[in-house]
Amino acid sequence: MSERATDRAPLGAGIAAAERLAREVAILAGRLAKLLGQTPVANEDPVAAGIAFLRSVAEPAAGERSLSERMASGAHEIVYPIDRLAAAFALAPVEIDLLLLAGMAEEHEGFASLFRTLHPRSEPRPTAGLATQLICTTPRERLVMRELLTTGAASRSGALVLGDDAPFFERTLHVADALWPALAGVDVWPSGVRPVASTAATVGLSDWLASADVARASAALARGTPSLVLLAADDETLAMHRATALARHAGVAAVALATATPSRDEQERLITLHAIARGVVPIVRFSATTEGAAADPPMFRDAPGPVIVCVRDGAITVRGARPVITVHAERLSVRARSRSWSEAMPELAEVASTFGSRYSLDPHAVVEVASDVRDRAALEQRAPTAADVAACVRARSSLSLAAGVRVMHPTACWDRLILSDDRQRQLREALDRLTHQARVLDDWGFLAGRPGARGVRMLFAGPPGTGKTLAAEVLAHTLRVDLLIVDLARVVSKWIGETEKNLAEVFDAAERTQAVLLFDEADALFGKRTEVTDAHDRYANLETAYLLSRLERFDGLAILSTNLRENIDSAFTRRLEFVVDFDEPSLDEREALWRCHIPAGAPLAEDVRLAELASLYPMVGGLIRNATVAAGFLASAADASITRTDLVRAVRREYEKSGRAFPGAPPGTFTA
């Protein structure tokens, strides 16, 4: 169901191309030997040794017609890289000879040694003068040669390069960077350009591939129309995977390339030459400048076929007469994502809709996760499970955290969360919003076209220690995703625009990794907007407005946590799907918290009465947890079981730490 766009060509094809190129060089070597043999030289002259070498190379190809001769007669097929290059740029037969002559030094060190002997500056390459003597016989032909070397198709394409540091006929000829090994079937690319792995996954893309823009681009690729297919997405990597799928759908071979520098004419010519030599359509990942706009937009003006350029949405403006076909890689619907899971993992088709709702992954990522899941299950000799999918999605998620964000791998389950039935129902309803989106939003059509409709926004309000962070951890654990905890005190910056940039990175990381997003102490930034009295107020309000807008567009589970609900701006609360109040626990809940935080294996003395502790000390869950741990260490230090005295002493310290009056110890308990 998937292919790599950078798979190597079969070894046999490369060997055949190298052998064909060597035969062409051998034929040209015979002509060069004949030219040099017309000038008498002494036996000890280095040229004599060069002539002997040329004749030895030329002998096996004696009587064969060269490519330029076959082209002149119209009797040749496009089989090898040199053929593709000649056909694509309509090279004249003499230009084929010039290209072969320029590359001979790359073919064998004997040619390089001879050229060094003949070159006026002892360079191991041929000169324009040597090429002219080899090919031209009349003054008129010399004029034509000058024109070909400066404005001919081979020179315009960049395949043939003429140096410019000497008189014209002493200038050096050479071929484009790394082009000669490519013509010999070797998978070598010029410096600054590297092939990258890109998965041609089309599972779940049927609707996108059938869209008008994609159909137009596919037709242009299939016909080989000289055009620029601009594929835009949220990021260039996603665009590249979609471009690879598009090329596969169009039935054309393609190679995905990444450039180390912004687009330049020379680099574009090299990409074009190498792609033609390989018979593939280049898919180029284009990176914008830090200002968000391209310093030098890609044009590929002289490319004789289609080129696909991958960009970030809104990051580039293309100018020029070359036809441009723009294709957007929109995020797939839940239905399409579910279909991609069903096609990629038919063994888990019954939960494909759940995966589609939970994981906003493109088909290439789905195929990669499916491969990971099968490998994981095969190693353990069992069938794949939904838990395997969750684990592999988490492992594959590329997480680059902004400052002030920490990741938690949640382990807490529902039995650790002591809340009233009403509060627990609200939390489970929030999960239902995420797991039943396909039916409610897609099948039934609720919130059609509304940005952020697939997101769930919640407010957890209550005193410290009442379980707000624990509840967020339980939700993330149930969804089998990570929990990203945002420390707003570190995200907010005094520099203008930095806060918005940091927040954008936070939301992008959460959407990319499918993580639950928790804004701890949210009133620091989600607080009420103030009246503008100076520039600081204006920019603080802009930050709040940006956060409000980005939260509304967020397609995931975002949780705002605050100790003071009344400090949250009403504009935020109107946009929240759930507001969950975490009150101080009741008597029964406190007893349940004591039981929850004391492990079953902990040794308790007979005088411990958890109901008594719950009745005497109205504490929140966080303080109860601290007290149980402290009592455990007190008992361990005394090498005894945990007694009522240990627990009361630990409770007293928690009261002192929080600045509250200790209610007193039960009768008969000494806590000094």
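Predicted model: local features only at pLDDT ≥ 70, side-chain atom pairs only at ≥ 80, totals over all residues.
1. Ground rules. Residues are numbered from 1 along each chain as its sequence is written, and side-chain values use heavy atoms, with hydrogens and water left out.

2. The chain overall. There are 30 helices and 14 strands in the protein chain; these are DSSP runs (H or I of at least four residues for helices, E of at least two for strands), numbered from the N terminus. Of its 672 residues, 49% count as buried, meaning under 20% relative accessible area with a 1.4 Å probe, protein chains only.

3. Surface and contacts. The accessible surface is about 31,100 Å², and carbon and sulfur atoms hold 51% of that (Shrake-Rupley, 1.4 Å probe). Among contacts (heavy atoms within 4.5 Å) with a separation of 6 or more, 73% join residues 24 or more positions apart.

4. H7 against H8. Helix H7 (residues 128–135) packs on helix H8 (residues 139–151) at about 135 degrees, axes 10 Å apart. Axes are lines fitted to C-alpha atoms over the stretch in contact, and angles run from 0 to 180 degrees between N-to-C directions. The pair is therefore oblique, the label left over once under 35 degrees is called roughly parallel, over 145 roughly antiparallel and 65 to 115 roughly perpendicular. The crossing is right-handed, i.e. the near helix is turned clockwise from the far one by less than a right angle.

5. Who meets whom there. Ala128, Ala131, Thr132 and Ile135 of H7 touch Glu141, Arg142, Met145 and Leu149 of H8. That contact splits into five nonpolar, one polar and two charged residues. For the classes, Ala, Val, Leu, Ile, Met, Phe, Trp, Tyr, Cys and Pro are nonpolar, Asp, Glu, Lys and Arg charged, and the others, Gly among them, polar.

6. H19 against H21. Helix H19 (residues 421–435) and helix H21 (residues 468–479) cross at roughly 35 degrees, with axes coming within 11 Å; this crossing is right-handed. On the H19 side, Leu427, Leu431 and Leu434 meet Ala471, Leu475, Thr478 and Leu479 of H21. The tally is six nonpolar, one polar and no charged residues.

7. Thr259. This residue is found in strand S5 (residues 254–259). Thr259 is buried, at 15% relative accessible area. Leaving aside residues up to four places away in sequence, Thr259 touches Gly192, Gln267, Ile271, Val284 and Arg285.

Methods: Buried < 20%, exposed > 50% of the residue type's maximum accessible area, 1.4 Å probe, protein only.
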